[in-house]
Structures are given as C-alpha cells and as structure tokens.
Amino acid sequence: MGEYWNIKPELEDSVKQHFSAPPEAEVELEFEVPEKDFNTAGRGSSEVKDLLKRLGVDSETLRRIAVASYEAEINLAAHSKGGVMSCMIYDDLIHLRFLDKGPGIEDITQAMIPGYSTADELVREFGFGAGLGLPNIQKNSDALHIQSAKGSSTLLELLIFFSAP
Ligand SMILES: Nc1ncnc2c1ncn2[C@@H]1O[C@H](COP(=O)(O)OP(=O)(O)OP(=O)(O)O)[C@@H](O)[C@H]1O
Ligand SMILES: [Mg+2]
C-alpha cells in the first residue's frame, strides 16, 4: 500500500491534531462521482463552493477549494470506476475526502510528477490528461494525503484552512 503526505510546514501541528482526533463536522455532504461522467463530476465541487460562499469564506480560499476539489472529482471520473466525494466543513477548515472503487495507483510519487498521465483517448477528448491535476491539488491544499495501491481503491483527502495564519 502506497502512502503520500504533503503538509504545509507551518500547519503541521494543526493538521496532525485534526487527523488524529477528527472533531464532529458542522456540515457534512456527500456526492457520488460516476465513472467517465464529466457532467456529474464537478457538481460536488461547485455545490460546496456555493455553500462556502454563502457562509462568507473569502474568494481566494474559495478558489483554492474549487480548484482542488474539481481536479479530484475529475480524477475519479477519468481514472477510476467511480466513487464518493465527502465534504466535512468546520469553523476553521474544510476536509475533503475522495474514495473510489479502484483500480488504484501503483506509484503515487510518479503520479504526482507534473505531466505524468495515463489518461485514455476518451478522457483526452474531454480535454483532460495534461498530468497537472494532482500537482494542482497539492499546490492549492494545506494538507494532502493519498493512499492507494495497484488493484485497490484510492483515497485522496485534503485540508484547506479558511484563514491562513
Ligand atoms: N483516482 C485515481 N485512480 C487511479 N489513478 C489515478 C487517480 N487519480 C490520478 N491517477 C493517476 O495519476 C495520474 C496523474 O493524475 P493528474 O490528475 O495529475 O493528471 P491527469 O488526470 O492525467 O491529467 P489532468 O489532471 O491534467 O487532466 C493519472 O493520469 C492517473 O494515472
Ligand atoms: Mg487529473
């Protein structure tokens, strides 16, 4: 089982605290992300963005959340047999979780390299497959965690804090 972590150094303590004892979320939402359905993929991220906007989250943070969650949703549709996006909203941060039904990522370090892509013809016809989604997710998140292996499901989760210290 491969595991990958990237945490902004100044947020390491808060991130570890969150994952070791996740508090109860203020709001929880779930969205199905079906395989190869690029209309449905993207709905979760857009609904979450609208909700957070109404809750008063600033526009730069909204942009980061929208980019990271959209790329992660598209990856489920493009590269997996589909899965679920879960969204946990707290006072100070959002925790997004993407769990799919496989086929998994054999080498996560390789998948993180800008330009690396295994996107098939159909996915490329929809304009995806530049190999920039995962690097973009990392750039826009305060913490990124990926767990996967060949032949199993992939879990990708990220945290974005509403007010950067
Ligand atoms: N949920 C997933 N399941 C299986 N493989 C994945 C998953 N997410 C990403 N990958 C693998 O990691 C590679 C890189 O992903 P990344 O999002 O960076 O690029 P891409 O999706 O191929 O292209 P882009 O995101 O630029 O449209 C993918 O091509 C795929 O091989
Ligand atoms: Mg992608």
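## Helix α6 and its surroundings

The buried residues of helix α6 pack against α3 (59-79), α4 (108-111), β5 and β6. In this predicted model, α6 comprises residues 133-140, and Gly133, Leu134 and Ile137 are buried within the helix. These residues lie on the same side of α6, because the arc that they cover around the axis is only 95°.

## Strands β5 and β6

Two of the elements that α6 packs against, β5 and β6, also pair with each other in the antiparallel sense, over five bridges. Strand β6 covers residues 155-161, and leucine 155 in β6 is the bridge partner of glutamine 147. Six residues lie between the strands of this hairpin, and among them glycine 151 takes a positive phi near 90°.

Strand β5 (residues 143-148) is also joined to β1 (residues 2-7), by six bridges, and the two strands run antiparallel. Within this pairing, tyrosine 4 stands opposite isoleucine 146 of β5.

## The sheet as a whole

Strands of a sheet pair through backbone hydrogen bonds, in either a parallel or an antiparallel arrangement. Here, six strands form an open sheet with antiparallel pairing, in the order β1-β5-β6-β4-β3-β2. The edge strands are β1 and β2 (27-33), each of which pairs on one side only. From one strand to the next, the twist averages 10°.

Elsewhere in the sheet, β3 (residues 83-89) and β4 (residues 93-100) run antiparallel and are joined by seven bridges. In this pair, valine 84 stands opposite leucine 99 of β4.

## Overall architecture

The protein contains six helices and six strands. Along the sequence, these elements follow the pattern β-α-β-α-α-β-β-α-α-α-β-β. The radius of gyration is 15 Å, close to the 15 Å that the globule rule gives for 165 residues, so the protein is as compact as a globular protein of that length.

The C-alpha trace spans about 40 × 30 × 25 Å along its principal axes. Of the 165 residues, 30% count as buried. Among contacts with a separation of 6 or more, 65% are accounted for by residues 24 or more positions apart.

Note on methods: Residues numbered from 1 in each chain as written. Chains lettered and ligands numbered in written order. Predicted model: local features only at pLDDT ≥ 70, side-chain atom pairs only at ≥ 80, totals over all residues. Pairing = 2+ DSSP bridges. Helix = DSSP H or I, 4+ residues; strand = E, 2+ residues; numbered from the N terminus. Buried ≥ 20, exposed ≤ 12 C-beta atoms within 10 Å, placed from the backbone. Arc of directions from axis to C-beta. Contact = placed C-beta atoms within 7 Å. Rg over C-alpha atoms; globule rule 2.2 N^0.38 Å. Axes fitted to C-alpha atoms, helices over the stretch in contact; angles between N-to-C directions.
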